[in-house]
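This report considers selected local features of a predicted model.

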Amino acid sequence: MEFFDIYEIEPSFSISESELKNKYLVLQKKYHPDRFAHSNIEQQKAALINSSLINDAYQVLKDDIKRAKYLLECNEIEITNHTNPEFLIKQMEYEEKIEDHRHDKSELVSIQKELQEELEQYKVNLETNFNKKDFERASKQINEFIFIDKLHLKIKEKINQLD
Amino acid sequence: MAYSDKVLDHYENPRNVGSLDKDDPNVGTGMVGAPACGDVMKLQIKLGENGIIEDAKFKTYGCGSAIASSSLVTEMLKGKTLDEAESIKNSAIAEELALPPVKIHCSVLAEDAIKAAIEDLKSKK
């Protein structure tokens, strides 16, 4: 849980984005290599390592999917490769709906909202399962979350193209 | 990344796109997906009286290689027995389409789809 330790945040799926960002800015300033320009080589090296570690940790912790993957990894669980067929059928129906309404902005926006709501629901469930240490279930949910997230991005792009 | 001519051919003229009746006892449906790229693939096979696959259809939402892999597979499946179909390896698909290493997982997905469709069919018998 090194990444959480760096930020002195309790390891958990739901974290405060603003807290993370504030801590990132403070740490980045403190360990910025420029501040060690006049220090000896050892100190410069240490600052560089700290600085990149702070960055790496931030990139993982700020992203829902990466943070969930990291939590699973720390508990020696991989994201499952198997996706529930029922879920995939639903995904395909979404794809078909998006294709059928590709010129209809208001319909696309309403599908986008639906997907957004699903993502929020998954986040709630992920938090519950991580808290219960039910990593098997969390692994399945993050697998599905990634699909919905991809679809959500895709529909956002389509809406932007129509603007 | 450049697609091979064969991938482009299947991508531009996909064979056997569509659906078969999933409730037909002689139809097996395989639904597979790759979370890493968000690809979703549906492959359906229809078994004839003689135990030979007489029809195959697919629908894939994904990259060109995933579409080409599933399109090619529907062509390969027709006329085969279930045992023969089950022995189709992803390496054969990848080789036929000249897939680059980063797209090998698309052929793996197609192989998984064949296995899932056969499994579904067998579960109906």
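In chain B, the loop between α4 (90–97) and α5 (104–124) holds B:A98. This residue has a positive phi of about 55 degrees, although B:A98 is not a glycine. A:E76 lies in the loop between α4 (64–74) and α5 (85–100) of chain A.

Helix α2 of chain A comprises 15 residues (residues 17–31). At 1.5 Å a residue the helix should span 21 Å, and this agrees with its end C-alpha atoms, which are 21 Å apart. Its buried residues are A:L20, A:Y24, A:L27 and A:Q28. Viewed down the axis of α2(A), these buried residues fall within an arc of 100 degrees, so they line one face of the helix. An α-helix has 3.6 residues a turn, so residues three or four places apart point the same way. The cover over the buried residues of α2(A) includes α1 (2–6) and α3 (41–61) of chain A. On the face turned away from the buried side, α2(A) carries the exposed residues A:V26 and A:K29.

With a disulfide requiring cysteine sulfur atoms within 2.5 Å, the count over all chains is 0. B:C37 is in no disulfide, since the nearest cysteine sulfur, that of B:C106, is 5.8 Å away.

| Residue | Relative accessibility | Class |
|---|---|---|
| A:C74 | 31% | partly exposed |
| B:C37 | 28% | partly exposed |
| A:E76 | 75% | exposed |

Key:
Residues are numbered from 1 along each chain as its sequence is written. Chains are lettered from A and ligands numbered from 1 in the order in which they are written. This is a predicted model: local features need pLDDT of at least 70, side-chain atom pairs count only at pLDDT 80 or more; totals for chains, interfaces and linings use all residues. Side-chain values use heavy atoms; hydrogens and water are left out. Buried means under 20% relative accessible area, exposed over 50%, partly exposed in between (1.4 Å probe, protein chains only). Helices (H or I, at least four residues) and strands (E, at least two) are DSSP runs, numbered from the N terminus. The expected span of a helix is 1.5 Å times one less than its number of residues. The arc is that of the directions from the helix axis to the C-beta atoms. Contact means heavy atoms within 4.5 Å.
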